[in-house]
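Here's a quick tour for anyone meeting this protein for the very first time. Have a look at the picture, then read on.

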Amino acid sequence: MRKTIIVGTGPAGLTAAIYLARANLNPLVIEGPEPGGQLTTTTEVENFPGFPDGIMGPELMANMRKQAERFGAEFKTGWVTEVDASKRPFTLKVEGLGELQAETLIISTGASAKYLGIPGERDNVGRGVSTCATCDGFFFRGKKIVVVGGGDSAMEEASFLTRFASEVVVVNRREELRASKIMQARARDNAKISWALGRTPLEVVADDKGVKGLKALNNATGQEELLETDGVFIAIGHTPNTKFLGGQLTTDDHGYLVVKPGTTETNVPGIFACGDVQDNRYRQAISAAGTGCMAALDAERFLEASEAFSAATV
Ligand code: NDP
């Protein structure tokens, strides 16, 4: 049995691992299908303090992992399918690793890209539909691309894709963009980006060779339009990864784990949550790392308190 198991290896989980390893608690870190989390699918990170010239997302995550390993954190790859949070030690069922037990758990499973849920979308993932510009942009050299969304993700994806594409059209359901002013300005200044705002996506149109267009409703005219394109990149936000918890931890209306304000404590004593899985507001690498540190300290104090309690009751 472990003192602590950390589920998830984004900035939150890896920061928790660094702190717990340095506290000699020998944490086990379970790595899922996207080791390093969302930052491994991004390009340059310009706003993580300490890197005045920026750093590539994958490099930042590799460094964090190296730092955790240096102090003794152990990493195993597996897919957590179930958690029994009803009693301590907690039991995890992990595909590929069997059953594992721990006195405390740190949940840092992040959030995954959302899809629109329109016809032709899922069927054409890998055939012109993508949620990751850095992964797939290369395949669209000299082609026309549509990016769906109006937040920072969409602006970032659109700007990045202009490295490859001949033209990038941003499609957003509202006329207003949700993105920060600086990201909007960057995209608006980019001559390769054009805008189809106030359009609700209806269908990804494809033939046996791949994507041909995006059918969308022009909200102002009520007319359907076909935007011809070779690729559709969906950048409309994320869903927190909490399914494996089977509803045992309290979540908000959007599925994000709820923690006691100012802490990382969930409704189950001994289970802590950090990073994007509990943060629908900031969702930044640096804030995720900050909550990872908090979760490690919360877990450490919890273990100390329960050891003191056990000693006092022997
Ligand atoms: P956001 O929630 O900010 O934006 C989502 C966008 O997708 C909105 O324009 C929204 O429209 C649209 N949308 C959502 N659902 C649908 C749907 N079903 N159909 C059509 N459109 C839809 O998500 P982001 O991923 O862009 O950003 C999340 C957070 O991450 C933000 O805090 C952002 O600042 C941060 N971020 C920072 C970056 C950076 O600093 N480098 C890069 C990327 C993200 P509507 O506005 O109408 O709701």
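Arg 174 sits in the loop between strand E12 (167–172) and helix H5 (residues 181–188); helices (H or I, at least four residues) and strands (E, at least two) are DSSP runs, numbered from the N terminus. Keep in mind that this is a predicted model, where local features need pLDDT of at least 70 and side-chain atom pairs count only at pLDDT 80 or more, while totals for chains, interfaces and linings use all residues. Residues are numbered from 1 along each chain as its sequence is written, and side-chain values use heavy atoms, with hydrogens and water left out.

**Around Arg 174**

- Setting aside neighbours within four places in sequence, Arg 174 touches Leu 197 and Gly 198, where contact means heavy atoms within 4.5 Å.
- Arg 174 and Arg 65 are 109 residues apart along the chain, and their C-alpha atoms are separated by 40 Å.

- E11 runs parallel to E12, with five bridges joining them; two strands pair if DSSP finds at least two bridges between them.
- Val 146 stands opposite Val 169 in E12, and Val 169 also has a bridge partner in E13, namely Ser 194.
- E12 and strand E13 (residues 193–197) are parallel too, joined by five bridges.
- E11 also pairs with strand E17 (residues 231–234), in the parallel sense over four bridges. There, Val 148 has Ile 234 as its bridge partner.
- E11, H4 and E12 make a right-handed β-α-β unit, and so do E12, H5 and E13. Right-handed here means that, with the strands pointing away from the viewer, the path from the first strand over the helix to the second runs clockwise.

- Thr 162 lies in the loop between helix H4 (152–161) and E12.
- Thr 162 counts as buried because its relative accessible area is 10%.
- Which residues does Thr 162 contact, leaving aside its neighbours within four places in sequence? They are Val 168, Asn 190, Lys 192 and Ile 193.

**An open sheet of three strands**

- Three strands form an open sheet in the order E14-E15-E16, with antiparallel pairing.
- Strand E14 (199–207) and strand E16 (223–228) are the edge strands, each pairing on one side only.
- From one strand to the next, the twist averages 25 degrees.
- Strand E15 (residues 210–218) pairs with E16 over six bridges, in the antiparallel sense. Leu 214 stands opposite Leu 227 in E16.

**Two domains**

- The protein is divided into domain 1 (2–112 + 238–313) and domain 2 (115–234), with bounds that come from an automatic or database domain assignment.
- The centres of the two domains, taken over C-alpha atoms, are separated by 33 Å.

**How H1 and H6 pack**

- Helix H1 (residues 11–22) and helix H6 (residues 285–313) pack at an angle of about 40 degrees, and their axes are 7 Å apart. Axes are lines fitted to C-alpha atoms, for helices over the stretch in contact, and angles run from 0 to 180 degrees between N-to-C directions.
- Residues of H1 that meet H6 include Pro 11, Ala 12, Thr 15 and Tyr 19; on the H6 side, Ala 285, Ala 288, Gly 292 and Cys 293 are among them.

- The peptide bond from Arg 88 to Pro 89 is cis, with omega near -5 degrees. Pro 89 is in the loop between strand E6 (79–84) and strand E7 (90–95).
- Asn 26 isn't a glycine, yet has a positive phi of about 50 degrees. This residue is in the loop between H1 and strand E2 (28–31), and counts as partly exposed because its relative accessibility is 41%.
- Arg 283 isn't a glycine either, and has a positive phi of about 50 degrees. Look for Arg 283 in the loop between strand E19 (271–273) and H6; with a relative accessible area of 41%, Arg 283 is partly exposed.

Definitions and conventions:
Buried means under 20% relative accessible area, exposed over 50%, partly exposed in between (1.4 Å probe, protein chains only).
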